[in-house]
Amino acid sequence: GILLTSAGAPAGDEAYAVEVAPAGVTLRAGTPAGFLHAGTTLRQMLPPAIESATPSAGPWTVPGVRIEDRPRYPWRGFLLDCGRHFMSVALVKRVVDVLAFYKFTRFHWHLTEDQGWRIEIARFPQLTAVGAWRGVAGGKESAARHGGFYTKADIRDVVAYAQARGIAVVPEIELPGHCKAALASYPDLSCTGGPFAVETEWGVHADIYCAGNDRTFAVLEGVLEEVAELFPAPWVHLGADEVPKDRWKACPKCRTRIKAERLKDEAALQTWFVRRMAEYLERKGKRAICWDEILEGGAPQGVIVQAWRASEKAVSAAARAGHDVIHSPYSYTYLSYGIAGYWMNLEWVHKFEPTIEGDPPEKESPIGPEAERRLLGGEACLWTEGVEEPGVFPQILPRLLAVAENLWSPRAGKAWPDFSARAEAQRARLTAAGLAAGPSVYVDPPRP
């Protein structure tokens with residue numbers, strides 16, 4: 001039989017122990033998260049066939065063993081961009097299944113973009129009636145029409161599904177940039193008044209929310225109020241990345257706002273904008289997260305900084321200033337990049353080392369233990385400009401396993417040959433589960 005007990009459990013919020021003996025299996029933990037991890041480890045010890053849709057009745061055997069384990073970082077995350085390409089609820093749940101099996105704790109759900117608004121907001125129905133669909137002009141649909149959105153029932157379903165598997169869902173509502181879909185829905189939120197169409201081109205676009213318009217904040221606060229009600233996790237990601245300032249520089253309302261708030265420039269206006277939204281979230285019991293561009297105008301106190309650029313020194317300064325940090329360096333964790341060449345194959349991703357200062361493969365950060373404690377962990381990202389639903393798992397697997405390993409396991413003992421063998425052994429399990437994984441290394445196609 002299997003005994004679950006807190007007696008003799010190792011210390012730590014997610015720590016656990018597994019003991020397999022002839023008399024039975026004992027799982028020890030002091031928290032629900034610990035028991036989840038213990039059960040997952042036991043499942044990982046069973047043959048890969050257990051993952052199939054109709055596994056045989058067994059008998060299943062596992063070797064005698066005693067394991068005591070705990071994670072290195074609490075924030076072990078994965079971002080799925082559903083703004084560029086809409087993903088079905090079924091696909092999202094499959095992603096959550098994979099995250100749970102590899103002991104991730106955060107599902108970062110990117111829900112709004114220039115190319116699509118994916119979350120139902122009851123008081124602003126145009127956000128989905130218009131903003132969820134691109135390839136529509138003058139009321140006529142083109143062959144390139146693409147879209148979809150998640151109803152509130154869908155959101156609650158996914159959140160409950162993830163919670164049952166020990167994963168918190170972190171929504172991202174982009175502001176003040178990456179918002180053409182919202183501006184197409186409500187042009188009066190822009191500096192120019194539009195008209196706009198939901199964006200069909202990838203990249204960074206000039207039109208952003210008008211910072212001088214009070215209605216902008218009324219609408220965004222209404223959006224965030226409904227978001228806060230839907231997602232019980234204590235965080236909401238506000239984006240704040242890749243924000244061109246050209247519209248603000250030319251906008252009389254934004255110039256007036258800069259003067260009235262005694263701000264230095266447009267970078268300071270962005271900080272003011274995000275601070276206003278972060279303070280609103282705080283009143284709703286939520287904490288804001290922003291990409292590291294928010295440091296350029298001075299990050300509002302209390303905002304968590306998610307670092308994606310080669311800017312570890314700036315992030316180190318943020319940690320020293322009291323900001324918690326999530327590390328997502330694009331050169332190691334952006335699984336949207338192909339595996340062509342050496343730098344984003346499995347071995348390269350395995351070099352990822354969460355850090356605040358210095359390149360990930362290098363030695364421990366010299367900034368001191370207090371600032372190091374600001375490093376919450378890390379996150380892999382799948383941006384979907386070039387990825388539609390059938391390509392999600394071949395794009396992220398097996399590389400996601402390297403991210404999981406480096407966020408859970410200590411640096412000491414990290415060795416590529418050992419990890420490589422274990423990662424390749426996972427292929428049989430992924431195949432049994434019906435998940436297609438991409439290659440570990442790039443292989444040139446045969447020449448004609």
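Predicted model: local features only at pLDDT ≥ 70, side-chain atom pairs only at ≥ 80, totals over all residues.
**Helix packing, a cavity and local backbone features**

Colleague: How is helix 8 oriented relative to helix 9, roughly parallel or roughly perpendicular?

Modeller: Two packed helices are described by the angle between their axes and by the distance between those axes. The axes of helix 8 (residues 252-260) and helix 9 (residues 266-283) come within 10 Å and cross at roughly 80 degrees. Angles from 65 to 115 degrees count as roughly perpendicular, and so helix 8 is, relative to helix 9, roughly perpendicular.

Colleague: What is the phi of arginine 262, and where does this residue lie?

Modeller: Arginine 262 lies in the loop between helix 8 and helix 9, and because its relative accessibility is 80% it counts as exposed. Most residues other than glycine have a negative phi. Arginine 262, which is not a glycine, has a positive phi, near 55 degrees.

Colleague: Is alanine 240, which also has a positive phi, buried or exposed?

Modeller: Alanine 240 is placed in the loop between strand 12 and helix 7, and its phi is positive, at about 65 degrees, although the residue is not a glycine. Its relative accessible area is 0%, and since buried means under 20%, alanine 240 is buried.

Colleague: Which residues does valine 243 contact, leaving aside its neighbours within four places in sequence?

Modeller: Valine 243 is found in the loop between strand 12 (235-239) and helix 7 (246-250), and with a relative accessible area of 10% it is buried. Leaving aside neighbours within four places in sequence, valine 243 is in contact with Pro176, Gly177, Ile208 and Gln270.

Colleague: What is omega for the peptide bond from leucine 397 to proline 398?

Modeller: Proline 398 lies in the loop between helix 14 (392-396) and helix 15 (399-408). The peptide bond that joins leucine 397 to proline 398 is cis, with omega near 5 degrees.

Colleague: How many cavities of 30 Å³ or more does a search of the whole structure find, and which residues line the largest cavity?

Modeller: The search of the whole structure finds one cavity of 30 Å³ or more, and about 30 Å³ of space lies in the largest cavity. Its lining divides into two nonpolar, three polar and three charged residues. The residues that line the largest cavity are Lys245, Ala267, Gln270, Thr271, Glu293, Ile294, Glu296 and Gly297.

Colleague: Which residues does leucine 111 touch, not counting residues up to four places away in sequence?

Modeller: Leucine 111 sits in the loop between strand 6 (106-110) and strand 7 (112-113), and a relative accessible area of 0% makes it buried. Not counting residues up to four places away in sequence, leucine 111 touches Gly116, Trp117, Arg118, Ile119, Tyr150, Pro171, Glu172 and Phe231.

Colleague: Is aspartate 207 buried or exposed?

Modeller: Aspartate 207 is found in the loop between helix 5 and helix 6 (214-230), where, residues up to four places away in sequence not being counted, it touches Cys179, Lys180, Leu183, Thr192, Phe196 and Arg247. At 11% relative accessibility, and because the limit is under 20%, aspartate 207 counts as buried.

Key
Residues numbered from 1 in each chain as written. Heavy atoms only, no water. Helix = DSSP H or I, 4+ residues; strand = E, 2+ residues; numbered from the N terminus. Buried < 20%, exposed > 50% of the residue type's maximum accessible area, 1.4 Å probe, protein only. Contact = heavy atoms within 4.5 Å. Axes fitted to C-alpha atoms, helices over the stretch in contact; angles between N-to-C directions. Parallel < 35°, antiparallel > 145°, perpendicular 65-115°, else oblique. 1 Å grid on protein atoms, 1.4 Å probe; cavity = no way out; pocket = protein on both sides within 12 Å on 5 of 7 lines; lining within 4 Å. Points joined across faces, edges and corners; volume = space filled by probe spheres on them. Nonpolar A, V, L, I, M, F, W, Y, C, P; charged D, E, K, R; others polar.
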